[in-house]
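Let's take a walk through this structure together. Have a look at the model first, and then we'll go through it piece by piece.

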Amino acid sequence: MESLVVACCLLLLFSYAAAYDPLDPNGNITIKWDVMSWTPDGYVAVVTMNNFQMYRHIMSPGWTLGWTWAKKEVIWSMVGAQATEQGDCSKFKGNIPHCCKKNPTILDLLPGVPYNQQFTNCCKGGVLASWGQDPQASVSAFQVSVGQAGTSNKTVKLPKNFTLLGPGPGYTCGPAKVVPPTIFLTPDRRRKTQALMTWNVTCTYSQFLARKHPSCCVSFSSFYNQTITPCPSCACGCENKKKCIRSDSKLLKVVGINTPRKDSAPLLQCTHHMCPVRVHWHVKTNYKDYWRAKIAITNFNYRTNYTQWTLVVQHPNLNNVTQVFSFDYKPLVPYEAINDTGMFYGMKFYNDLLMEAGQFGNVQSEVLLQKDKDTFTLKQGWAFPRKVYFNGDECMMPPPEAYPFLPNSANQILVCLSTWICSVFILLIIWNW
């Protein structure tokens, strides 16, 4: 019995640890329900989804939100979103609800829907930018009219068992909690109004829940060593090894081969690492007061375009970035005393879309960093990142012993000296001969 209790406690602790991100300790998605008015049998609420994660966004096909009603509530109507199923509404006469299911599943509407179906911050196909990349695009909202529910603060029962897909698994949502009503400003900003009732739901992400293997890997190279350190073999698992496709295969010319599938099954290019994405870090140049690195991101998935991608790198010299040439850059400083982490992302309308695998399936930029003479060195792999995240997921790094090493200058001096001595000795022999 005691061992069972200990196991449960460890499992609980592991779950919380898995959802905690040390590089973004306050990152979460908060879903806020604001009751704006009461109706004869329920209420009208505005549901707002805020992505407070600094570098993890939700890309196409977008978010999916679900919950379970506490009583026998129904959704009379929605603006800016829709339920995927109507359910059994056969007991209703006349007006038929939008959804009668006990556990509705909600999707954002697609861009371009009729104006009378739109709501503020809706209709983006469920795509949510990260807070650090674009705060204005990190919000999604819709309006829902709920029936057969409470008609006052005391009789309303909060929905429960919230779920969020973004677009796949990985998010865990806590229970709904009543919070102080939201305050709103009128357009002229001279009057304040407030919601009749407000509750929040907080959802956090865990890479362990999202997938059992990494979704990206890292490779290294440098100007001072001809060795290229590749991604580890089967870095992202080799389950798709038999389903991969060679880069020169004629199957790539088949119409529809690149069409995304409903189950989101990838079509990967055959590689030794079998990762959808590879990040390559090349130490390019060493100047007197600066040094330069090149970052290249390559997509090996023939069925996925990565929109609004993000790349987070942890390196001690990111506290002194002089210039980033082809990406946008923002330092991430969750702890004021430490400035060793930064987010790279694509420039809008230039390279913020990482195309599917193939000729155009890569983006790259160079970074110029100013040296700190007390810490800078090319020895022992110091010039390479400590951690790399792509789209919020940590990438598989090569083992430290495989990093490109700095040639031993002492050995080079001995070799040169030995060569010089031998040359002089030979010349003396020839001269005496």
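Lys 72, Lys 91, Lys 102 and Lys 160 together form a positive surface patch. In such a patch, residues have over 30% relative accessible area and no salt bridge, with like charges joined within 9 Å and nonpolar side chains (Val, Leu, Ile, Met, Phe, Trp, Tyr) within 5 Å. A salt bridge here is a side-chain nitrogen of Lys or Arg within 4 Å of a carboxyl oxygen of Asp or Glu.

This is a predicted model, where local features need pLDDT of at least 70, side-chain atom pairs count only at pLDDT 80 or more, and totals for chains, interfaces and linings use all residues. Residues are numbered from 1 along each chain as its sequence is written, and side-chain values use heavy atoms, leaving out hydrogens and water.

Now pick out Lys 102, in the loop between strand S5 (81-83) and strand S6 (105-108). With a relative accessible area of 42%, Lys 102 is partly exposed (buried is under 20%, exposed over 50%, and partly exposed in between, using a 1.4 Å probe and protein chains only).

There's a nonpolar patch too: Tyr 20, Tyr 335 and Ile 338 make one of about 290 Å². Tyr 20 sits in the loop between helix H1 (2-19) and strand S1 (29-39), and its relative accessibility of 44% makes it partly exposed.

Stepping back, the chain has 3 helices and 26 strands (DSSP runs of H or I with at least four residues, and of E with at least two). Of its 433 residues, 44% are buried.

Conventions: Accessible areas come from the Shrake-Rupley method with a 1.4 Å probe; for residues, only the protein chains shown count as cover. Lys and Arg count as positive and Asp and Glu as negative; His and the chain ends are not counted. The place of a charge is taken as NZ of Lys, CZ of Arg, CG of Asp or CD of Glu.
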